[in-house]
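Okay, thanks everyone, let's get going.

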Amino acid sequence: MKQPESLDIGTKEDVVRHRLGVAREDLETARLTFDAGQYRGANNRAYYSIFHTICAVLAKEGVSFKCHKDAIAYFNKNYIQPELFPRELGRKIVRAEEIRHASDYDTFYIASKEVTEQQIETAERILCLAEAYLLGKE
């Protein structure tokens, strides 16, 4: 079966705005899922909000990775270490990925309300900071 042609068209700024939009949508879905008491799913969506936010930041310089770990490592090295984003976010991002993985794949993982709230707060924080960094919002 023939693969469809890529529909990736537009400028870096278009990609940045699109990825921020996806991150916002994932964050909203995390909140709705959290409010429904579905913490495993909320952890997943909070993590993906974080990941798409990171991808939006990387898109500004035309950088993209297929593996999540590579994107996160690049972000930590080029944005967290030089403190373009707060250092504590580096640990929180890694933790969010671990929690998402446990929520999605560990049979007996119990997603707590408190941990899920923390993941959503991390997603909100990084999205807010990224929008300020990328779009000049304060």
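Let's start with Phe34, which is buried, because its relative accessible area is 13% and buried means under 20%, with exposed being over 50% and partly exposed in between, using a 1.4 Å probe and protein chains only. Before I go on, a word on where this comes from: this is a predicted model, so local features need pLDDT of at least 70, side-chain atom pairs count only at pLDDT 80 or more, and totals for chains, interfaces and linings use all residues. Residues are numbered from 1 along each chain as its sequence is written, and side-chain values use heavy atoms, with hydrogens and water left out.

Back to the rings. The structure has ten aromatic pairs; rings of Phe, Tyr and Trp (its six-membered ring) pair if their centres lie within 6.5 Å, and planes under 30 degrees apart are stacked, over 60 edge-to-face and the rest tilted. Tyr39 is partly exposed, at 21% relative accessibility.

Then there's Phe65 with Tyr74: centres 5.4 Å apart, planes at 50°, so that pair is tilted. Phe65 comes out partly exposed at 28%, and Tyr74 is partly exposed at 22%.

Which residues do ring pairs link into a cluster? Those are Phe75, Tyr79, Phe85 and Tyr133. Tyr133 also has Lys60 over its face, 5.2 Å from the ring centre. For that call, NZ of Lys or CZ of Arg has to be within 6 Å of the ring centre and within 35 degrees of the ring normal.

Now the helices, which are DSSP runs of H or I, at least four residues, numbered from the N terminus. H1 (residues 12–35) and H2 (residues 39–59) have axes that come within 8 Å and cross at roughly 165°. Axes are lines fitted to C-alpha atoms over the stretch in contact, and angles run from 0 to 180 degrees between N-to-C directions. So H1 and H2 are roughly antiparallel, as angles over 145 degrees count that way, under 35 as roughly parallel, 65 to 115 as roughly perpendicular and the rest as oblique. By class, their contact has 15 nonpolar, six polar and four charged residues. Nonpolar there is Ala, Val, Leu, Ile, Met, Phe, Trp, Tyr, Cys and Pro, charged is Asp, Glu, Lys and Arg, and the others, Gly among them, are polar.

Finally, H2 and H4 (residues 88–105): axes within 9 Å, crossing at roughly 140°, so those two are oblique.
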